[in-house]
Amino acid sequence: MAKLPVQFRLNGSDRAGFVDPAGNLLDLLRRGLGDFAPKYGCGQGTCGVCTVLIDGEPQLSCLTLAISCEGRQIETASGMADGPNLHPLQQAFMDNFAAQCGFCTPGMLTAARALLAKNPNPTRDEVVEAISGNICRCTGYEPIIAAILAAAAGGAGMRRA
Amino acid sequence: MADARRKLDIAAEAGPVGGALAHDSAAKHVAGEAVYIDDIAAPDGLLHAYLGLSTVAHGRLLSLDLAAVRAAPGVVGVLTAADVPGVNDISSTHRQDEPLFATDRILFHGQPLFAVVAGTREQARHAATLAKAEYAEEAPLIDIAAARAAGGALVTDPLKLERGDIAAALAASPRRLKGSMAIGGQEHFYLESQVALAVPGEDEDMQVFVSTQHPSEVQHMVGAVLGAGSHAVTVEVRRMGGGFGGKETQANLFACVAALAARKLKRPVKLRPDRDDDMAITGKRHDFVCDYEVGFDEDGSIHAVDALYAARCGWNADLSGPVTDRALFHMDNCYFYPAVRARSEPLFTNTCSNTAFRGFGGPQGMVGAERFIEEVAFATGLDPLEVRKRNLYGGNSSTEGLGRDLTPYYQQVEDNIAGHVISELERRCDYQARRAAIREANAKSPVIKRGIALTPVKFGISFTATWFNQAGALVHVYKDGTVALNHGGTEMGQGLYIKVAQVVAQAFGLGLDAVKITATTTGKVPNTSATAASSGSDLNGMAALDACETIKRRLTEFAAKHWQERPEDIAFLPGRVRVGAREIAFRELIQAAYMARIQLSATGFYTTPKIHWDRKAGRGHPFYYFAYGAAAAEVAIDTLTGEYKVERVDILHDCGQSLNPAIDRGQIEGGFVQGMGWLTTEELVWDRKGRLWTRAPSTYKIPVASDRPRIFNVHLLENAPNREPTIHRSKAVGEPPLMLAISVLHALSDAVASVGDYRVCPRLDAPATPERVLDAVERVRAEAAS
Ligand code: FES
Ligand code: FES
């Protein structure tokens with residue numbers, strides 16, 4: 001199968017790769033571009049660990065054709081920190097023990113980031129709603145919800161869109 | 001002066017033990033930089049393997065034509081049983097009942113037949129679908145009823161626990177009843193699926209990076225399959241993206257196939273199954289049917305229990321022996337049965353081979369115990385909580401010469417705090433007043449009915465296979481005073497690494513930043529046990545401490561000689577070492593010791609004391625101690641649809657003197673929600689052909705954020721050091737909290753019972769899906785009306 005070229009911005013840098021027409025964005029990010037923050041959990045759009053932002057919207061990269069990302073802005077958890085300074089959501093996840101095995105964490109952070117960008121002061125129910133497509137098998141969700149609310153209270157939504 | 005100094009309470013000085021310290025990988029987790037097996041930088045020449053699976057559940061493999069597989073684009077090799085240089089078997093029991101690749105008998109749908117290796121994962125996956133297999137299909141045995149109907153073949157020896165004369169005690173009981181309960185299985189759904197990466201070395205060497213809870217077993221299996229000694233195989237795992245028991249034995253297959261391919265092709269090989277294949281191939285929590293007869297009296301006192309626990313074990317023994325044993329060890333939960341008989345029936349079925357899952361049969365045993373209680377409560381009209389309290393271990397009244405503290409396996413319950421935990425939680429969550437209010441509200445609410453239940457947990461800590469209760473550790477102190485720590489335990493998110501690091505840092509009086517936690521590898525600590533049975537910190541914490549103490553002994557001896565002080569006057573304090581009247585930095589001591597040629601590295605070892613178990617006799621002291629807890633759940637059900645919400649949960653859980661209360665709290669909350677999923681929405685479905693239908697979260701409903709209890713109050717039991725001298729008097733916490741979720745099942749039952757005016761026992765089976773709840777509502781209504 002002929003590979004097709006694709007170019008987009010990944011966490012603020014121009015990146016390019018060659019992909020199968022049917023190849024998904026998750027594979028391109030992980031194997032093609034070496035960004036291992038998004039994870040493979042199910043490959044079927046049912047677990048949320050592969051969540052990335054495409055033009056600011058949370059999307060499941062395992063279901064997104066890589067080729068469809070031409071010219072888009074893609075953001076993953078590995079681009080959240082500002083140099084050595086963690087994003088407030090990342091700090092809040094640490095402070096609230098929101099990661100146990102950590103496998104769901106990049107996807108959760110991304111879903112939370114999208115929420116706070118649109119809604120800097122979400123209610124608890126809105127937080128729950130925003131992460132309801134993301135499975136965490138370890139924490140029981142309470143610390144994740146607490147972390148997102150704490151980051152919102154600290155102005156995470158304002159600081160970085 | 002020296003004596004006065006010794007009176008300083010060193011333990012009271014602040015140290016890392018007992019602190020709510022973040023998970024050691026927290027910063028890497030949030031940065032997306034924590035490396036899981038599939039994130040390891042691909043070695044040059046990496047190939048990808050994929051498994052070819054049987055498409056029937058039972059029969060003979062007549063032929064396997066792999067020509068099209070071999071000819072597929074990118075394929076560089078195909079492996080079948082004929083390519084195995086060692087033994088074509090990965091049975092952890094050594095019963096030779098688990099071929100790596102099937103050769104003749106097909107025993108479940110999804111059984112590996114071959115592996116194909118190609119340049120890319122997609123190529124391997126695609127090629128695997130091109131095999132042409134011919135089968136002589138036979139009817140599969142899918143569930144417990146079918147297995148029994150076909151003669152009830154067992155995968156392993158059953159267990160019987162018996163105390164007292166059960167027939168006589170049942171006959172003499174003022175009242176008796178019989179029943180049966182179905183208890184469902186559970187898919188682990190570790191977020192990181194199974195995965196292994198094998199890298200061949202020189203000679204017969206093989207390095208395997210694999211997501212496993214049991215590196216030593218993988219090492220042994222890979223050696224056996226390759227026909228090499230264990231010394232040629234090194235197995236390493238830094239962290240797993242969840243395990244929950246699903247990577248205790250189930251990783252062996254993937255590691256062995258990757259290693260076999262790497263050996264044959266002399267290239268690094270990775271194997272990661274798609275999630276749906278992972279779910280089809282790997283074993284799950286055992287589902288059970290518990291048939292019981294209970295003798296009791298009008299006061300709600302149990303006189304006798306006779307229970308048979310049958311389990312769907314799948315196509316081989318795997319861990320089904322110890323899992324079904326542990327079910328029997330927990331068929332008493334916190335309750336004393338004056339006469340008791342418990343039997344297990346580990347049945348062969350043509351389904352995936354069920355395996356370890358957090359609680360390891362204990363939860364199923366305990367769900368049975370709580371059903372017995374519920375039956376007695378409905379039969380006598382008492383509040384189930386009252387019946388629970390009435391039957392707790394403890395007290396001195398004797399029956400047949402036995403105290404009320406003897407378990408069905410003749411271990412005395414010496415550390416019983418169940419009564420205290422229950423009454424404390426009852427008070428804190430205002431159980432009685434809320435129960436009364438709920439009943440009043442239910443009377444006025446025609447559709448939405450609420451329910452409440454408070455259930456306790458007593459969970460036995462130790463591997464029941466006594467020899468597994470050993471652990472090793474390796475501690476190096478480097479010349480600059482930094483410490484490298486290695487032990488046999490694996491990190492799956494539970495916080496084992498940070499807990500053991502806290503122990504080591506405290507032992508030397510160092511900060512955590514001075515202790516480097518290193519990946520678990522068979523090359524550093526050999527012959528380790530699985531990280532399982534909640535034993536991780538108990539065993540590895542002690543082994544690491546032992547290594548630290550050895551080094552400290554050498555340092556103390558040296559310092560006493562070097563500075564002319566008495567050994568008693570050397571003390572490792574936070575941030576410094578006291579040597580007589582002077583205080584020096586740890587680093588200074590280490591440098592001096594190095595110059596004096598003192599060995600600064602040590603191994604540590606630990607074996608759990610007190611435990612023994614005679615399985616044939618059904619007698620012994622299999623558990624070092626028990627971990628306790630209690631939970632009160634409140635639910636609301638819609639009696640028209642069966643749908644429900646968990647409104648509030650209160651938990652009081654015993655972690656002894658917690659090594660890290662934040663980590664422990666995480667285990668409690670996470671374990672509870674996972675247990676709640678098991679007992680409510682997670683339902684596995686196989687069709688009549690033996691195909692698993694529930695192969696993704698779209699059909700298999702794992703709790704999501706909106707399913708968690710709306711109000712969730714979690715507390716660690718205060719001032720409750722372990723009575724046994726465990727590591728800093730802490731208690732194991734990995735599994736016990738899962739069983740706190742039994743409160744949800746009983747709260748649902750209480751809500752259902754309201755439609756029959758609390759006169760009919762709902763006998764709600766697990767998982768209590770909305771369909772089951774609705775069904776129970778209709779049944780109870782009909783029975784109450786008749
Ligand atoms: S991997 Fe994309 S949703 Fe699960
Ligand atoms: S922390 Fe393990 S899945 Fe969320």
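Domain bounds are taken here from an automatic or database domain assignment, and the structure to which they are applied is a predicted model. For chain A, this assignment gives domain 1, spanning residues 4–79, and domain 2, spanning residues 88–159. The C-alpha centres of domain 1 of chain A and domain 2 of chain A are 21 Å apart.

The contact between these two domains takes 15 residues from domain 1 of chain A and 13 residues from domain 2 of chain A. On the side of domain 1 of chain A that touches domain 2 of chain A, the elements giving two or more residues are strand E3 (51–54) and strand E4 (57–60) of chain A, and the largest share, three residues, comes from E3(A). By residue class, this side of domain 1 of chain A divides into nine nonpolar, four polar and two charged residues.

Chain A also takes part in a contact with chain B, to which chain B gives 41 residues and chain A gives 40 residues. On the side of chain B that touches chain A, two or more residues are given by helix H2 (26–31) and by helix H18 (661–679) of chain B. Of these elements, H18(B) provides the largest share of the side of chain B that touches chain A, namely seven residues. The residues on this side of chain B comprise 21 nonpolar, 13 polar and seven charged.

Note on methods:
Residues numbered from 1 in each chain as written. Chains lettered and ligands numbered in written order. Predicted model: local features only at pLDDT ≥ 70, side-chain atom pairs only at ≥ 80, totals over all residues. Contact = placed C-beta atoms within 7 Å. Helix = DSSP H or I, 4+ residues; strand = E, 2+ residues; numbered from the N terminus. Nonpolar A, V, L, I, M, F, W, Y, C, P; charged D, E, K, R; others polar.
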